[in-house]
Amino acid sequence: MKKLEFILLIAILTVGFNMSVLAASHFKDVSEKEWSYPIIEELSRSGVIEGYSDVSFRPANGVTRAQSAIYIGRALNIETKNRPNPGFVDVNSKTTGYEYIAALVDEGVYAKATNFNPHESLTRAQMAKILVIAFELKGSKKTSFTDLPANGWAKPYVEILVANGVTTGASATKFSPNRTVSRLQMAIFIYRTLRNDEEIIAPPPIENPEEAPDNLRATELLKLVNEERIKSDLKPLVYDTTVEKVANIKAQDMKTNNYFDHISPTYGSPSNMLTKFGVYWTASGENIAAGYSSVNAVHKGWMNSSGHRANILSSSYTHVGFGYAEGGGKYGNYWVQMFIRK
């Protein structure tokens, strides 16, 4: 498989204005109209899953045990260097996913045994156990799945997944523990596990409350942006609610008028918009993105693109505001970052 990386990117430097555009990648066999589209796109953009060289995702294909190690390892962002040989007779350094298998065995996610069976299909029961151990999921919810023996090894893991909202079963009464996990199902399970993990982590307090945005999405994005700047020895950006107002108008405008571009058919360029709405600036920049369903995903997308990263890490800017609109247009979600120097 070849890592799919399709970024719609425009980096334009005009007088005092730097603009970058980012759109989520898409596979030719995953329609934007499908409910799973944002999930597959987010995990693809985050590097957890990959497409094939023909730009397909092949959602119905089964997942092997070796492939499951790759997906879980990437989702955990696990360190693979200097891991001991896992000791399986059917796994060597040339085995697909070897580095992730070794790392996850070293971390106790996969048990040590004689064989790993890397090319065998991953079952739903095995998937449940791997996710629970890998992400240290807690809790339990009693289920009525008739195909899970009361004393079977898989039942406790499945009930933890149900308690965490990762699965509801193959039907109301069946979990289908021996069924092969498809690529689509694996993406959904990992996505739900990651989202659950995000939801239980409270954001750190803002050091200067008067500079904090009044919504959680913007608060989280400001934290991520300023963490990147601090790592690069740059001053954190101050949040500006007047800039936020313009960014929200831009996001809504893209949604309403079904376009994806820096130049608005309603307001013109970003610099014109800022001036029109009474924002004073001596330098300004804009990042836009579409199709991303979470703060972490869009931030990673921006940071993985040179034009967007340059805006985020520019020493020219002192203030920032974020805009967001969802539920319409071609992409469904529209994100805007506007940067200025006062």
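A cut-off before I start: I call a residue buried when its relative accessible area is under 20%, and exposed when it is over 50%. I also keep in mind that this is a predicted model.

**Entry 1: aromatic pairs**

I searched the whole structure and got 8 aromatic pairs. I looked up Phe88 and Phe116 to begin with: they form a tilted pair, 5.2 Å centre to centre, with 45° between the planes. Where do Phe88 and Phe116 sit in the chain? Phe88 is in the loop between α2 (65-76) and α3 (98-106), while Phe116 is in the loop between α3 and α4 (124-134). They are 28 residues apart, and the pair links distant parts of the chain.

Buried or exposed, for Phe88? Its relative accessibility is 4%, so I put Phe88 down as buried. Phe116 comes out at 1%, so Phe116 is buried too.

**Entry 2: a pair between strands**

Then I turned to Tyr239 and Phe322, another tilted aromatic pair, with 5.5 Å centre to centre and 50° between the planes. Tyr239 belongs to strand β3 (residues 238-239) and Phe322 to strand β5 (residues 319-328), so this pair ties together parts that lie 83 residues apart in sequence. Tyr239 has 6% relative accessibility, which is under the 20% cut-off, so it counts as buried. For Phe322 I noted a relative accessible area of 5%, so Phe322 is buried.

**Entry 3: back to Phe116**

**Entry 4: α4 against α5**

To describe two packed helices, I need the angle between their axes and the distance between the axes. For α4 and helix α5 (residues 155-163), I read an angle of about 65° and axes 8 Å apart. The crossing of α4 and α5 is left-handed.

Which residues make the contact? From α4 I listed Met127, Ala128, Lys129, Leu131, Val132 and Ile133; from α5, Tyr157, Val158, Ile160 and Leu161. Sorting the residues of this contact between α4 and α5, I got 9 nonpolar, 1 charged and no polar.

How values were computed
Residues numbered from 1 in each chain as written. Predicted model: local features only at pLDDT ≥ 70, side-chain atom pairs only at ≥ 80, totals over all residues. Heavy atoms only, no water. Phe/Tyr/Trp six-rings, centres within 6.5 Å; stacked < 30°, edge-to-face > 60°. Helix = DSSP H or I, 4+ residues; strand = E, 2+ residues; numbered from the N terminus. Buried < 20%, exposed > 50% of the residue type's maximum accessible area, 1.4 Å probe, protein only. Axes fitted to C-alpha atoms, helices over the stretch in contact; angles between N-to-C directions. Left-handed = near helix turned anticlockwise from the far one by under 90°. Contact = heavy atoms within 4.5 Å. Nonpolar A, V, L, I, M, F, W, Y, C, P; charged D, E, K, R; others polar.
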